[in-house]
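This briefing gathers backbone geometry, ring contacts and charged side-chain pairs for the model shown below. Please read it with the sequence and structure at hand.

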Amino acid sequence: MTAEFVIRDAEVEGRPGVDVRLRAGRICEVGTHLWRRGVDWLDARGGAVLPGLADHHLHLHALAAARASVRCGPPDVRTPDGLRQVLGGFDSAQYWVRGVGYVETVAGDLDANALDRFHARRPVRIQHRSGAMWILNSAAIRATGLASVEHPGIERGPEGRPTGRIFRADDLLRTLLPATGPPRLHGVGADLARLGLTAVTDATPDLGADSLTALVDASRSGHIPQRLHLLGVP
């Protein structure tokens, strides 16, 4: 930010027509007619100026992963045909298809057999909107070797074969998927800034070394411009 900057014609605490002067990124004066020639300015056009917002519980890498995933639920997808189209049209450098936000109103209860009818060519995993369940198609079950894995979160049918539904087992699933490293955080900070967020707390528990390094690097590079607090570190 330049040394001095003025927001003109704003609403502040219910008062219209107010100017806000900032110096070195901090508010130094609130009043009227604060702008002078040669100083950069923004016309608020009567819009309200609010303090920066802080989100004290989010997961930045989960946001980044969702940002790069197929939206599989409302408002983006509402019908079985819609689900088929987005899964088939997903273009990614990764062989896997990752979907998020699924809810049963789209195409009912999904398991591997049902998901195969929507996309069987590539391994697909879709996260339920609750965040508590992943659904894998048959190609994904084969790719992860899920049939030979023992875990209480893996649902199995009467014959002992995985149904493709995995409950509360994100840590397990990460060990079975191709190692890709933490998702890129490019764009996440800008998305949060558009919502007015100037400070965030990443509440991911027990951040690994790679995730911690990626978050710190994103903060230093400005990809995460918000003030960043981390809970998952000593």
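This is a predicted model: local features need pLDDT of at least 70, side-chain atom pairs count only at pLDDT 80 or more; totals for chains, interfaces and linings use all residues.

Residues are numbered from 1 along each chain as its sequence is written, and side-chain values use heavy atoms, with hydrogens and water left out.

**Backbone geometry**

- Helices (H or I, at least four residues) and strands (E, at least two) are DSSP runs, numbered from the N terminus.
- Glutamate 13, in the loop between strand 1 (4–12) and strand 2 (15–23), has a positive phi of about 50° although it is not a glycine, and this residue is exposed at a relative accessible area of 78%.
- Arginine 168 likewise has a positive phi, near 45°, without being a glycine; it is found in the loop between strand 11 (162–167) and helix 6 (170–176) and is exposed, with a relative accessible area of 71%.
- A cis peptide bond, with omega near 5°, runs from proline 74 to proline 75, and proline 75 lies in the loop between strand 6 (70–71) and helix 2 (80–88).

**Charges over rings**

- A charge sits over a ring if NZ of Lys or CZ of Arg is within 6 Å of the ring centre and within 35 degrees of the ring normal.
- Arginine 8 lies over the face of tryptophan 41, at 4.6 Å from the ring centre, and the charged end of arginine 125 sits over the ring of tryptophan 134, 5.0 Å from its centre.

**Salt bridges**

- The structure holds 10 salt bridges, each defined as a side-chain nitrogen of Lys or Arg within 4 Å of a carboxyl oxygen of Asp or Glu.
- Arginine 23 and glutamate 4 form one of them (3.3 Å, N to O); arginine 23 lies in strand 2 and glutamate 4 in strand 1, so the pair ties together parts that are 19 residues apart in sequence.
- Arginine 23 is partly exposed at 44%, whereas glutamate 4 is buried at 13%.
- A network of salt bridges links Glu4, Arg21, Arg23, Glu29 and Arg36.
- Glutamate 155 forms a salt bridge with arginine 165, the closest N and O atoms being 3.0 Å apart, and this pair links strand 10 (residues 154–156) with strand 11 across 10 residues.
- Arginine 161 and glutamate 159 meet in a salt bridge at 2.6 Å, N to O, with arginine 161 exposed at 56% and glutamate 159 exposed at 62%.

Note on methods. Buried means under 20% relative accessible area, exposed over 50%, partly exposed in between (1.4 Å probe, protein chains only).
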